[in-house]
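Dear colleague,

I am handing over the structure below, and I would be glad if you would look through it alongside the notes that come after it.

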Amino acid sequence: MAAGSLLLASCGSAGAGTEEPAASADEFADTITIGIEQAPDGYNANTDISNSVYNAYVDNLTQQNFTKIQPDGTIVANEAFGTYEKTSDDPLTVEYTFADDAVWSDGTPIDFDDALLTWAAFSGTHPSGEVDEAGDPLDLFHAASTNGWAEVTMPEGEAGDKTFTLTFTTPYADWEVLATGFMPAHIAAEQSGLSADGDGAELVAAIQGDDTAALTPVAEFWSAGWAYQENLPELPDAALIPTSGPYKYDNASNGTLTLVANDKWWGEPAKTNSIVFKTIDANEMVQALQNGEIDQFDPSNATSDMVAQLADLGDAATVETGEALSFSHIDFDSSGTGVFSDVAVRQAFLKCVPRQELVDKFAAPINPDAQVLNLREYLPAQAAYEDVLADVPTAKDYAEVDLEGAKALLTGTGATLPVTIRFNFSAQSTLRADQVALIKASCDQAGFNVTAVADPDLFTTLTLPGQWDAAVFGWAGSGLIASGQSIYVTGGGQNFGGYSDAKVDELWSQIVAVTSHEEAEPLKAEMEEQLWVNPYNVVLYANPGVTAYSSKVSGPGYNPTQYGSTWNAETWTKSLS
């Protein structure tokens with residue numbers, strides 16, 4: 001699942017609850033193991049190919065930011081990392097100060113070069129001179145998103161400064177959570193032929209002087225140098241991956257990643273010495289929890305069978321459910337490299353996808369209130385959903401399966417039937433395989449030939465226009481106004497399908513500058529309508545959310561946001577009794 005946009009939460013529970021164990025420190029386990037469905041694929045989760053929830057689950061414990069988003073969507077300041085203050089509204093100006101004792105786990109101070117590299121990577125201000133398949137200019141840095149940062153002028157300061165200021169050229173709705181994604185600038189410099197001496201003075205000078213020759217290898221390393229090998233057989237050299245959180249990297253093997261308490265961490269110490277992320281097939285998670293192989297897991301796509309199996313564990317496990325801030329959808333490669341570059345073909349596919357049947361089979365058994373999703377930036381559980389949907393009339397055109405209408409649209413394109421569609425889905429997910437089979441059974445009747453492609457590395461494939469036609473996966477939400485921009489705008493880092501619509505682009509430019517959710521709603525309604533008129537994707541349903549953990553473990557709880565349950569895993573303990 002990829003990290004993306006959205007808002008809200010609703011939470012219930014099923015199964016036995018647990019109380020805080022009354023145990024002394026020597027009665028707690030040294031290790032807690034978390035089950036995940038896909039191995040983390042990069043130390044830098046801010047690139048266009050590593051922006052996944054599985055990396056975010058790890059980053060919760062290894063990378064710090066100036067704020068923390070809580071499970072209810074509220075924002076709290078993370079004063080252990082540093083402080084910030086808005087000093088002006090016109091222009092919007094925010095002053096940040098890293099904590100005096102904030103250091104990377106190798107002992108290097110976290111300071112101005114780290115902030116300046118973050119701005120350089122996310123601002124989109126360093127063109128490479130190359131263009132993508134759509135002819136849009138490419139930046140030296142392959143960031144997942146430039147949202148907000150593109151509106152920030154270069155931070156002023158000197159190497160070694162603990163304070164930096166962000167000044168916005170235009171207002172930005174989510175300014176308070178913008179200062180995230182800090183990576184160790186001294187490592188990027190050293191791996192790119194620059195000296196890390198003098199608090200990164202050479203890198204600071206290269207960025208401030210817009211030295212493309214010096215920055216090109218820095219950007220290459222930032223974008224790809226921290227990527228892991230497929231399925232995480234091992235970690236890179238430990239010296240390349242220092243952390244800024246309560247845990248640091250220890251080792252990895254066969255998709256299992258081990259973190260240990262960071263001895264350079266200056267904040268509240270982690271309560272459990274070691275956290276292990278173990279990659280396990282989703283179908284085996286419950287059994288792994290039952291036999292003690294793992295202690296906790298958040299299924300990305302819970303099934304009714306899984307929930308029933310968890311209920312059978314009785315008092316041995318705690319199970320919490322709710323509607324997640326994530327949704328399932330089918331994206332198109334509409335970039336001009338395949339069949340979906342034709343808007344009529346996209347419209348035809350929308351008409352043949354059996355969305356209600358998908359809800360009935362895969363969502364409703366877990367959440368009886370599940371319904372077909374008709375928006376992208378709002379979910380049915382949100383108070384604004386129905387009001388916004390009322391201003392999106394074209395969504396009604398696709399409320400029912402219309403095979404004859406779909407075939408008429410296809411025939412009108414002049415294409416030879418059947419039209420073959422390469423439909424990619426995660427090879428690790430039997431649920432997605434079942435969904436694609438259901439879609440094929442319907443859409444093949446409308447003149448398509450859906451070819452299922454079980455993809456072992458879906459999110460890499462998505463960055464390769466021409467290598468796929470359709471893909472089903474999930475977007476995970478943050479609860480923010482503007483975080484979805486890069487999914488839909490022309491050239492957006494998370495716009496995998498190369499979609500481009502001038503009206504959508506203009507509306508997003510207005511959305512990101514509002515100061516409240518109320519101001520955003522009418523603009524997003526107009527944007528949602530255009531995403532149906534010129535179809536961006538097929539939205540399916542809000543994913544039902546589940547978290548499950550051993551009743552010996554204290555601390556986890558259901559978190560509907562993209563950060564998942566590990567948002568507070570440094571506080572977890574596991575009783576030995």
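The notes that follow concern a sheet and some aromatic pairs.

This is a predicted model, in which local features need pLDDT of at least 70 and side-chain atom pairs count only at pLDDT 80 or more, while totals for chains, interfaces and linings use all residues. Residues are numbered from 1 along each chain as its sequence is written, and side-chain values use heavy atoms, with hydrogens and water left out.

Seven bridges join β6 to β7 (residues 92-98) in the antiparallel sense, and Thr83 has Thr97 of β7 as its bridge partner.

A search of the whole structure gives 35 aromatic pairs, counted when rings of Phe, Tyr and Trp (its six-membered ring) have centres within 6.5 Å, with planes under 30 degrees apart called stacked, over 60 edge-to-face and the rest tilted. One of them is the edge-to-face pair of Phe81 and Phe98, at 5.5 Å centre to centre and 85 degrees between the planes. Phe81 lies in the loop between β5 (75-77) and β6, and Phe98 in strand β7, 17 residues apart. Both Phe81 and Phe98 are buried, that is, under 20% relative accessible area with a 1.4 Å probe, protein chains only.

Methods:
Two strands pair if DSSP finds at least two bridges between them. Helices (H or I, at least four residues) and strands (E, at least two) are DSSP runs, numbered from the N terminus. Buried means under 20% relative accessible area, exposed over 50%, partly exposed in between (1.4 Å probe, protein chains only).
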